[in-house]
Structure formats: C-alpha cells, structure tokens
Amino acid sequence: MTSAPSQPFPLIFGLDTFGDVTDAADGRPLSHAQTIRNIVEQGVLADQLGIDFIGIGEHHTDGWPLSAADVVLAAIAARTTDIHVGSAVTVLSSDDPVRVFQRYSTLDAISSGRAEVILGRGSSIDSFPLFGYDLADYEELFEEKTNLFAELMKGGPVTWQGKTRASLQNQDVVPHPESGSFPVWIGVGGSPQSVIRAAHYGFSLMLAIIGGSTARFAPFSELFRQALEQFGRAPLPVGVHSPGHVAATDEQARDEFWPYYLEVLTLYSKIRGFAIPTRESFMREIGPHGALHVGSPETVAQKIAQTLTSLGATRFDLKYGMGGLSQQAVMTNIELYGTEVIPRVRELLAPSNEPARVT
C-alpha cells in the first residue's frame, strides 16, 4: 500500500483532452464538429461520475481541432453542476493575457466559480505562425505575458508596461471574478525556469509528463517548494498531467491504445523530433516507471498512486483519448476512471495505509 502525499491539499482527479479526432464505427475519422460535440458529452459524463476536473488543451491542427477551448468548456459548464472546467493548456505566449483573463473569468461566471486555467509556453508551436508570433521571442513572450496575467489576477485597475502588447494605464478589466479570482496553474514540461516562474507569481504547478521516467520530475516538485519558501509564499499544490487509457484488462487497454499511439507519435516525430516508438519502448512507458498510465483499473490506479507519492503531488489529470480511438472506447475509459480508478487511488492513498515498499 502507499501513503498519501504529505501536503495540506485534497486529492484531486481530473481528465484532460486535446480533442483528438475519434473514429466512427466504420473507421472513418469524425468531423471536427462532431468531435467537439462528443467532447461536450464526455464532460457531461465526467460530471455525472463525480470526476473533479475536465481540461481542454489548445491546439490548431487537423487532428486536434480545439482552437477555442473556452467555448467548449462553457458548453460543458452549462450542462454540469460540479465538475471544474479549464484549459490544459492555454498557450499564453501566442495569446493576449487580457483576453485570456476575460474569457476565463466569463467561464467562471457561467460555471458559478468552477473555472481554472493552466498557462503554458506551448510545446505545440502551431499557434505561433497562425497568429504572427516569432519563435525567436518564445521566452520573452511567455515571461512578459505571464507577468501581465499575474497583475490581472490581483484584481482592480491594472497599470502595466512591456514590449509584447500595448501598455495599460489604470485599466479596469471586466468581468470581475465573482469570488475575486480563480485557480491558475503553470504547465511545466521540463524547464526549471518555469517552475521558479510559477512560484514567483504564486501560481500552482502542473507537471506535464508525456514520456520517459516519471521520477525525473521529482526535483521539480522540490524546487517548487523551495522557491515558494524563498519568495515568502504559502505552499501551493503540485499536479501531474500524463497520458493514459483504461480498459477492462491490461491486454485490452494495450491493444486499443498502442496502434493509435504509434500512428500519432510517428506523425509528430516528423514535426517535433519525437523518437518513433517501438513495441518495446511502449511497454517500458506503460511499465512501473514510465509516463503512460495504460491498463486495467487496478493497474492504472496503482501507477497513479505511485506517481503522486513519488512526486509529492496531490492532483492527477489523465490525458485521455488518442486520435483514431472510437467514441465508445473513450467513454468507457472515462467511466472506468471515474467509477473504479479514482476510488481505488483514494483507497491506496488513505492516510491509514502503510507506505509502499518500492522495488
């Protein structure tokens, strides 16, 4: 058995999607419109199952047509009552922080205080040429825009000056969040500077672990806690975002997920320099120390519990779906995650349980 991470935060379990285009029963890809409508249904199901959060990652490609995540999240919010809704992530570098704040404070109003935003630099860079941004300004864009977003989150009229957008002088930005603010996270895929940036601005940390050993992110959790102390800030939660797929058995989950995982990563290997996976590398990734959470409910629950414990995190967001999977497989994944995986992880991480013996 494992023991709960020793942080003063509740365990949170969410779902993230990039809006992967799923296939119809005849194997043909669904339209972008139907894919988006299906995501709304996925969010409604997640709420009915008591899942804490659903996030949509911003992308601008044929296989991931979620270019206006906040609109889809608003549709989910209007049909649900409890689930939190947010981005996973919003590419702040190629967006306007004022408009991001306005969109998510509007979503917060529609959802009666259930909105969150995860900000990122953009590991998928398709938005940069689309909106006329130069990749040479990658770091400066994110730093300046995060600085402005932090000012907006303080509330009240904003005075700000920078190089990446027009200055603001005592500007009231509406709508005002009903409770004064909403949760903000910084998504980090491997940059210590981003960890320190999150602590500096008082934003929570979301570790985006999509490949390799999960344990290599443990120093980031510790760096975040140290940086918060140095900046004189109270502790903030650490979350984990990782891909996965749940089915009735380990074999079924592997067989459903593997061919589409291979297809998608082969495609993006040409664009982003990924190594093309082999069956052997895939088996390592779904093993005890890899980043993929693929298997039966018990297998996935055990791995999530170990991931949270090893990273000192208290939130796990399963990046579900893969281009080519059927809507039925995706919905079954969500149902098993909500009804079997999450309760089992909570049981494994109950404070009364003995710490796990790592082998």
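A cavity here is a set of grid points where a 1.4 Å probe fits but cannot get out. That is the idea behind the opening close-up, and everything below comes from a predicted model.

View A. The structure holds one cavity of 30 Å³ or more. About 70 Å³ of space lies in the largest cavity. Helix α1 (residues 32-48) gives the largest share of its lining, with four residues.

**View B. Helix α6 against helix α7.** Two packed helices are described by the angle between their axes and the distance between the axes. For α6 (residues 192-201) and α7 (residues 218-230), the angle is about 35 degrees and the axes are 9 Å apart. The crossing of α6 past α7 is right-handed. On the α6 side, Pro192, Val195, Ile196, Ala198 and Ala199 make the contact, and on the α7 side the partners are Phe220, Leu223, Phe224, Ala227 and Leu228.

View C. Searching the whole structure turns up 18 salt bridges, and the pair picked out here is Arg103 with Asp70. Their closest N and O atoms sit 3.4 Å apart. Arg103 belongs to helix α3 (residues 97-110) and Asp70 to helix α2 (residues 69-78), so the pair ties together parts that are 33 residues apart in sequence.

**View D. A cis peptide bond at Val89.** Ala88 and Val89 are joined by a cis peptide bond, with omega at about 10 degrees. You'll find Val89 in the loop between β3 (84-87) and β4 (90-91).

**View E. A cis peptide bond at Pro175.** Going from Val174 to Pro175, the peptide bond is cis, and omega is near 0 degrees. Where does Pro175 lie? Look in the loop between β7 (168-171) and β8 (184-188).

**View F. Backbone of Ser112.** Ser112 has a phi near 55 degrees, which is a positive value in a residue other than glycine. Its place is in the loop between α3 and β5 (115-120).

Methods:
Residues numbered from 1 in each chain as written. Predicted model: local features only at pLDDT ≥ 70, side-chain atom pairs only at ≥ 80, totals over all residues. Heavy atoms only, no water. Axes fitted to C-alpha atoms, helices over the stretch in contact; angles between N-to-C directions. Helix = DSSP H or I, 4+ residues; strand = E, 2+ residues; numbered from the N terminus. Left-handed = near helix turned anticlockwise from the far one by under 90°. Contact = heavy atoms within 4.5 Å. 1 Å grid on protein atoms, 1.4 Å probe; cavity = no way out; pocket = protein on both sides within 12 Å on 5 of 7 lines; lining within 4 Å. Points joined across faces, edges and corners; volume = space filled by probe spheres on them. Salt bridge = Lys/Arg side-chain N within 4 Å of Asp/Glu carboxyl O.
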